[in-house]
Amino acid sequence: MAALLSLLPQRRCLCTKSHKKWSVKQVTKTNFEESLSEIKTHIAHSDFIAVSLQRTGSVSAPWHRFLPFDTSHTAYAKAKRAAERFQLLQFAVCPFSIRDSKLLAHPYNFHLFPRDELKIGMPSYSFSCQTSYLTSMAREGFDFNACIYDGISYLSRAQESAAILQMRNPIPITHVVKSSSTPSVADSVFIERIKSRVKYWRNACKDSSGNRDEPLLSSLRKLVLGTEEYGSRPCMNIDVCSERQVQLVLEMLEEFSDDLVPLIIPAKGGATQAVRVILTSSKEDKVLLQNELQNLQEEQTKKVRGFREVIDLISASHRPVVSHNSLNDFTFIHSKFLTPLPPNVDEFMCSLHLVFPHILDVQQLMKEIGPLRKVTNIPTAISYLKDHFFAPIDMETLHQDTANDGKIHGHNVLRIAHLFAKLCSILQIAPTESGNKSLVPALEEYANILNPCSMSPQESTDGDISIWTNNTRKVSCEHLVFLWGFKRTMTAGILKSLLQGSHDVFSEEFDVRLVDKSCAIVVFWKPGLSKTFLNVMNSKEICGSLRELVSEGLRAACYATYKRVCSLGIWEADLAESLEKALEEPDCLRKTDSGTNPLEVYWFSDLVINLDEL
């Protein structure tokens, strides 16, 4: 009976305290091949794919986090910096389907560690670590030795292309596309010369009398003919000087004989050095050789790609990918598994959309439920929904053998899948339609919104900032001013009191919040006041108590300066120091912001760092 029960699907109650009992398959180099085959089947039969990443770090200063006044451009710059500095050690993937109130999940947690598996001196990896992240992983029982020695390596698509060129492995040609251009006189002379040479070589190889030659004569014959051996089959190399000559040789070989198999021999730098021609004994032998070459190429490709095989499977499936904090996740995914990150968010979104057409961030769904708009913690969100809504979700995971001596990791990916299913139930969204694998219209409005500071799925990436005091309010970035140079012990309340009455601009409504210990942000609700204030700060006619504040070191800058800080990558620990350096940049660098339209972003005053409450 015990043996029979062990074969049945295991049902788990998804609560915060029971995550150690969740059945998540731990995958390392040892069981990667078998797991790859399993997850391929599960992806094909699932409707969604949840992902969760474990990094070696995130931010090194409070203002480096996503803040309510970040536009999509500044938020992307912050995410890009983190993705380029830190590394992934775990990547959890969970194909899942939702049927009524039942969630069928197949969670896998892949342990990663990049290394030079090909022994070709590339790529050379280096990355930063934050002790808080590593300490948290160690508390959960993460085995760093197993990660280093048995973690799955990988190459991005860009690194794979570079590696293939560097390895210079022969490339089999299965299909030749004929050129539409008319051969020139030089082309005709070249092809006739090569055709005559191949014909003579082929006939000599098939001439059985050659087998009776003395060893010396046989060696001389091979030397004259240019004959080599590819395994047990004779072959010859045809040197080429251009890709045009490669095309001519391949077209000639396809018409010339049905027992020749061509291979491309790459040269350094990506060009073609030669075309290798292999002679087979029959049509059957030709098919056998082509299959051998294809299998060899697939084995080499798998070895090169490593874990990226999983990323390619997710991409090829076109299934919607569900995550939490998707901008952080997908900048990492793009950087580690695709190509280096583009310089701006628009290029990034275009590149990402080609690989992952539909990305769903549970944070966007959470914002439809008022109290969850400020919640960024998944267990807290699940607990709130459990206490305030009746939307039971029965999770079922297939029992899978786990590794790492019972240490279970990657359980957060199950939380994401469960939270997504619960939100769909509460918002009365049917995640799937019968027989339809594409994204349902109700979810399309939430797809591909990666900016965590966006309040509404209808907002564009260049929308307003929404300022949230007791309710949501929008304000243009032009109405924001950054202040620094005040005493570090000063609170936002005291700073606001000092500003009130210091100038006429502060007689109107305004708000002050601390971004970090060195810098504050001022919101002017009446249009034009921010520009007036900046002009006063830079004039010699400044007077009154505001003059005293300036004499004590008070400085001010507009939102464009903050945007320039992010775009130039001036990531000092204090925002004040970064703003100072941005103002010192030459005018030619500042002009990059002059042509952009004023942006509007979301402001949540409750989420901006308020040191009064610390």
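The model is predicted. Its largest pocket has a volume of about 1,500 Å³, and the whole structure holds three cavities of 30 Å³ or more. The count of salt bridges comes to 21.

**Largest pocket**

- The lining of the largest pocket comprises 48 residues, of which Tyr-133, His-324, Asn-325, Asn-328 and Thr-376 are the closest to the pocket centre.
- Several elements give two or more residues to this lining, among them helix 3, strand 4, helix 4 (131-139), helix 12 (326-338) and helix 16 (412-426).
- Strand 3 gives the most, with five residues.
- By residue class, the lining of the largest pocket divides into 21 nonpolar, 18 polar and nine charged residues.

**Second largest cavity**

- The second largest cavity contains about 40 Å³ of space.
- Its lining consists of Ser-58, Val-59, Ser-60, His-64, Lys-78, Arg-81, Ala-82, Arg-85, Phe-86 and Trp-571.
- Four of the lining residues of this cavity are nonpolar, three are polar and three are charged.

**Gln-87**

- Gln-87 is located in the loop between helix 3 (72-85) and strand 4 (88-99).
- With a relative accessible area of 3%, Gln-87 falls under the 20% cut-off and is therefore buried.
- A polar contact of 2.6 Å joins the side chain of Gln-87 to the side chain of Tyr-154.
- Leaving aside residues up to four places away in sequence, Gln-87 touches residues including Gln-54, Arg-55, Thr-56, Tyr-154, Phe-332 and Lys-336.

**Phe-482**

- Phe-482 belongs to strand 17 (residues 480-484).
- Its relative accessible area is 0%, so Phe-482 counts as buried.
- The C-alpha atoms of Phe-482 and Val-522 are separated by 6.3 Å, although the two residues are 40 residues apart along the chain.
- Beyond residues up to four places away in sequence, the contacts of Phe-482 include Phe-69, Cys-519, Ile-521, Tyr-559, Tyr-562, Leu-575 and Leu-579.

**Salt bridges**

- Side chains of opposite charge can pair when their charged atoms come close.
- Lys-25 and Glu-38 form a salt bridge in which the closest N and O atoms are 3.0 Å apart.
- This pair links distant parts of the chain, with Lys-25 in strand 2 (residues 25-27) and Glu-38 in helix 2 (residues 32-44), 13 residues apart.
- Lys-25 is buried at 5% relative accessibility, whereas Glu-38 is partly exposed at 30%.
- A salt bridge of 3.5 Å, N to O, joins the side chains of Glu-160 and Arg-305.
- Because Glu-160 lies in helix 6 (residues 157-167) and Arg-305 in helix 10 (residues 283-305), the pair ties together parts that are 145 residues apart in sequence.
- Glu-160 is buried, with a relative accessible area of 9%, while Arg-305 is partly exposed, with 24%.
- Glu-160 and Arg-305 also belong to a network of salt bridges that links them with Arg-157, Arg-308, Glu-309 and Asp-312.
- Arg-233 forms a salt bridge with Glu-292, with 3.6 Å between the closest N and O atoms.
- Here too the pair links distant parts of the chain, as Arg-233 is in strand 9 (residues 233-239) and Glu-292 in helix 10, 59 residues apart.
- Arg-233 counts as buried at 12% relative accessibility, and Glu-292 is partly exposed at 39%.

Notes. Residues numbered from 1 in each chain as written. Predicted model: local features only at pLDDT ≥ 70, side-chain atom pairs only at ≥ 80, totals over all residues. Heavy atoms only, no water. Helix = DSSP H or I, 4+ residues; strand = E, 2+ residues; numbered from the N terminus. Buried < 20%, exposed > 50% of the residue type's maximum accessible area, 1.4 Å probe, protein only. Polar contact = N/O pair within 3.5 Å; in protein donor to acceptor, adjacent residues only side chain to side chain. Contact = heavy atoms within 4.5 Å. 1 Å grid on protein atoms, 1.4 Å probe; cavity = no way out; pocket = protein on both sides within 12 Å on 5 of 7 lines; lining within 4 Å. Points joined across faces, edges and corners; volume = space filled by probe spheres on them. Nonpolar A, V, L, I, M, F, W, Y, C, P; charged D, E, K, R; others polar. Salt bridge = Lys/Arg side-chain N within 4 Å of Asp/Glu carboxyl O.
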